[in-house]
Amino acid sequence: MLKSLYSGVSGMKGFQTKLDVIGNNVANANTVGYKKSRVMFQDILSQNVTGATAPTDTPTGGVNPKQIGLGVKTGSIDVIHTPGSPMTTNVGTDLAIDGDAFFVVSPSDSGSPAYLTRAGNFTRDANGYLVNSNGYFVMAGDGTSTIKIPSDQYSSYSIDSNGKVTAIKKADDSIDDTLPTIATAIVSNPGGLEKVGSTLFRETTNSGKPTIGAINDSTVKGGQIQSGVLEMSNVDLTEEFTEMIVAQRGFQANARTITTSDSILEEVVNLKR
């Protein structure tokens, strides 16, 4: 059986995976805090027609190895953590990070489990807690408590570039600067984070354990927070459409390899007629 048949099939599967990734990137072109992905390919084991000569202490003449490749496989699907374009909203609870840090959110007000995100479209719930669009609590700098700004106690509030929350008391219009600072986190390998949906990430063994604290802490140093701004998706549609053309043509070329191999097999079968 022709090896090109199986090589063509592996190529079609690989480019289908690439199209799946591109399609997801395009679908999330306007998703706040989304990070695009890319597919990297690797060749599969090669069959040796003539093996290479092992190195010896006494070099002798020889020939280069003759090998036939057996197709392609998906080597990795990488998440690219480059910054997305900033969009000004002038909404005080819309936050963006200019730097490498992530916001920390949790479905529990105790901070466990904790998820990381670059999507800073936060709001206040009925109890005054700062939450994301899924209702997850935005964690404070200590990583174990939440940000709470009760509307019955404060008339207005602001968030500075260090994530410090300051509010005006309703009772006497005085400034309350005792509110907590928004937690941020950095990881040694952001590419190792696992996507869990809703533009959330969680740590893995390969990402390393997140360092959580205020963004200006000496242990974090993750940049600065911008209020009234959102970080949009880092998907470049021009690049994605170009890659889509490459994937489409690659898929067609591998399909043609299978068609040609089939024609050769048909000729072989017809030799005895």
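I began with N24, which is partly exposed at a relative accessible area of 38%. A reminder to myself before going on: this is a predicted model.

**Entry 1: around N24.** I looked up where N24 sits, and its place is in helix α1. I then checked N24 against S85, which is 61 residues away along the chain; their C-alpha atoms are separated by 18 Å.

**Entry 2: helix α1.** How far does α1 reach from its first C-alpha to its last? The answer is 36 Å for 25 residues, close to the 36 Å expected at 1.5 Å a residue. Next I listed the buried residues of α1, among them L5, G8, G11, F15, K18 and I22.

**Entry 3: α1 with α2.** Two packed helices are described by the angle between their axes and the distance between the axes. For α1 (residues 3-27) and α2 (residues 237-269), I noted an angle of about 160° and axes 8 Å apart. With angles over 145 degrees counting as roughly antiparallel, α1 is therefore roughly antiparallel to α2. The crossing of α1 past α2 is left-handed. Sorted by class, their contact holds 16 nonpolar, ten polar and four charged residues.

**Entry 4: helix α2.** Which residues of α2 are buried? I found E240, A247, G250, N254 and S261. Part of what covers them is α1.

**Entry 5: D94.** I moved on to the loop between β5 (86-88) and β6 (95-98), where D94 is placed. Is D94 buried or exposed? D94 counts as buried because its relative accessibility is 9%, and the cut-off for buried is under 20%. Leaving out residues up to four places away in sequence, D94 touches T89, G120, N121, F122, Q226, S227, G228, V229 and L230.

**Entry 6: N90.** The loop between β5 and β6 also holds N90. N90 is exposed, with 69% relative accessible area. The phi of N90 is positive, near 60°, and N90 is not a glycine.

**Entry 7: S198.** I found another positive phi at S198, about 60°, and S198 is not a glycine. S198 belongs to the loop between β16 (194-197) and β17 (200-202). With a relative accessible area of 45%, S198 is partly exposed.

**Entry 8: T181.** My last stop was the loop between β14 (175-176) and β15 (184-186), which contains T181. The relative accessible area of T181 is 19%, so T181 is buried, the cut-off being under 20%. What does T181 contact, leaving aside neighbours within four places in sequence? I wrote down M139, A140, G141, I147, N162, G163, K164 and A214.

Conventions. Residues are numbered from 1 along each chain as its sequence is written. This is a predicted model: local features need pLDDT of at least 70, side-chain atom pairs count only at pLDDT 80 or more; totals for chains, interfaces and linings use all residues. Side-chain values use heavy atoms; hydrogens and water are left out. Axes are lines fitted to C-alpha atoms, for helices over the stretch in contact, and angles run from 0 to 180 degrees between N-to-C directions. Helices (H or I, at least four residues) and strands (E, at least two) are DSSP runs, numbered from the N terminus. Angles under 35 degrees count as roughly parallel, over 145 as roughly antiparallel, 65 to 115 as roughly perpendicular and the rest as oblique. A crossing is left-handed if the near helix is turned anticlockwise from the far one by less than a right angle, and right-handed if clockwise. Ala, Val, Leu, Ile, Met, Phe, Trp, Tyr, Cys and Pro count as nonpolar, Asp, Glu, Lys and Arg as charged, and the others, Gly among them, as polar. Buried means under 20% relative accessible area, exposed over 50%, partly exposed in between (1.4 Å probe, protein chains only). Contact means heavy atoms within 4.5 Å. The expected span of a helix is 1.5 Å times one less than its number of residues.
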